[in-house]
Amino acid sequence: MRNLTALLFLLSLCSLHLVFSAPYVMDFRITCCAKTTHKKIPLKYIVTYWWTNSNCPIKAIVFETLNNGKHYRCVDPTASWVNHHMKAVDRKNKKL
């Protein structure tokens with residue numbers, strides 16, 4: 001009986017170790033967008049950006065903004081202002 005209790009205790013410790021050693025992902029990233037906007041986002045609010053997944057039906061750029069909290073905006077990559085904003089964000093983040 002002691003061996004069984006010790007074995008169960010050891011298995012419990014191992015399972016706890018596995019649960020707490022798993023990576024914790026805090027970074028939520030939108031992979032696909034249902035729609036895009038052409039509305040210009042002020043550059044001062046944009047923190048970073050990324051392209052949507054290549055399997056998505058709509059090709060888009062996702063701008064992460066900090067304006068009264070974290071927001072994600074899906075924009076049309078063909079909009080005239082988007083390329084300029086992407087380059088500016090790259091320069092800003094390269095300095096950091």
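Predicted model: local features only at pLDDT ≥ 70, side-chain atom pairs only at ≥ 80, totals over all residues.
**Entry 1, contacts and overall make-up.** Residues are numbered from 1 along each chain as its sequence is written, and side-chain values use heavy atoms, with hydrogens and water left out.

I then read off two helices and three strands, which follow the pattern α-β-β-β-α along the sequence; helices (H or I, at least four residues) and strands (E, at least two) are DSSP runs numbered from the N terminus. Of the 96 residues in the protein, 26% are buried, where buried means under 20% relative accessible area, exposed over 50% and partly exposed in between, with a 1.4 Å probe and protein chains only.

I looked up H2, which runs over residues 82-95, has 14 residues and reaches 20 Å from its first C-alpha to its last, close to the 20 Å expected at 1.5 Å a residue; the expected span is 1.5 Å times one less than the number of residues. Which residues of H2 are buried? I found Val-82, His-85, Met-86, Ala-88 and Val-89, and they lie on the same side of H2 because they cover an arc of only 165° around the axis, taken from the directions from the helix axis to the C-beta atoms. On the other side of H2, I found Arg-91, Lys-94 and Lys-95 exposed. The cover over the buried residues of H2 includes strands S1 (46-51), S2 (61-66) and S3 (70-75).

The partners are Lys-70 and Glu-64, at 3.6 Å, N to O. Lys-70 is partly exposed at 48% relative accessible area, whereas Glu-64 is buried at 7%.

I found Thr-52 in the loop between S1 and S2, where Thr-52 counts as buried at 9% relative accessibility. A polar atom of the Thr-52 side chain lies 3.5 Å from the backbone oxygen of Ile-58. Beyond its neighbours within four places in sequence, Thr-52 is in contact with residues including Thr-31, Cys-32, Cys-33, Ile-58 and Val-62.

Notes: Contact = heavy atoms within 4.5 Å. Salt bridge = Lys/Arg side-chain N within 4 Å of Asp/Glu carboxyl O. Polar contact = N/O pair within 3.5 Å; in protein donor to acceptor, adjacent residues only side chain to side chain.
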